Amino acid sequence: MLRLPRHELLRPTTVDEAVTLMAEHGERAMLIAGGTDLLPNMKHRLYEPEFLIALGGVEELRGVREQDGGLLIGAMTTLTEVAESPLVQERAPALAQAAAAVSGPQLR
């Protein structure tokens with residue numbers, strides 16, 4: 001069984017806090033969102049950060065909204081949220097359809 005290397009998990013709640021943590025820890029830290037790619041790579045020792053900065057609690061990074069005539073999709077918005085967003089369905093139906101077709105429900 002492959003195990004993750006030792007690391008400290010940091011959980012910021014704002015973008016400013018996440019940026020501060022990245023600045024403080026520099027190359028010893030990595031950001032983690034869903035972890036689909038990062039965690040297996042860590043298990044295979046492709047990455048061995050001392051600190052993981054988890055973005056899941058940063059509400060500023062979630063959601064779909066209109067901005068400057070376009071759509072702004074937050075970095076922590078799930079593919080399911082994109083696919084089901086009335087705004088995306090109305091303004092970018094191909095994007096909604098594509099988001100619904102990615103992988104399975106557990107990863108979306």
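Mentor: The protein chain holds 5 helices and 5 strands, where helices (H or I, at least four residues) and strands (E, at least two) are DSSP runs numbered from the N terminus, and along the sequence they follow the pattern β-α-β-α-β-β-β-α-α-α. This is a predicted model, in which local features need pLDDT of at least 70 and side-chain atom pairs count only at pLDDT 80 or more, while totals for chains, interfaces and linings use all residues. Residues are numbered from 1 along each chain as its sequence is written, and side-chain values use heavy atoms, with hydrogens and water left out.

The C-alpha trace of the protein chain spans about 45 × 35 × 15 Å along its principal axes, and of its 108 residues 27% count as buried, that is, under 20% relative accessible area with a 1.4 Å probe, protein chains only.

Turning to the part you asked about, the largest nonpolar core has 10 residues in all, namely L10, A18, L21, A29, F51, I53, L55, V58, L61 and M76; such a core is a set of buried Ala, Val, Leu, Ile, Met, Phe, Trp, Tyr and Cys residues joined through side-chain atoms within 4.5 Å. Helix 1 (15-25) and strand 3 (51-54) each supply at least two residues of this core. For the protein chain as a whole, among contacts between residues at least 6 apart in sequence, 40% join residues at least 24 apart.

Technical notes. Buried < 20%, exposed > 50% of the residue type's maximum accessible area, 1.4 Å probe, protein only. Contact = heavy atoms within 4.5 Å.
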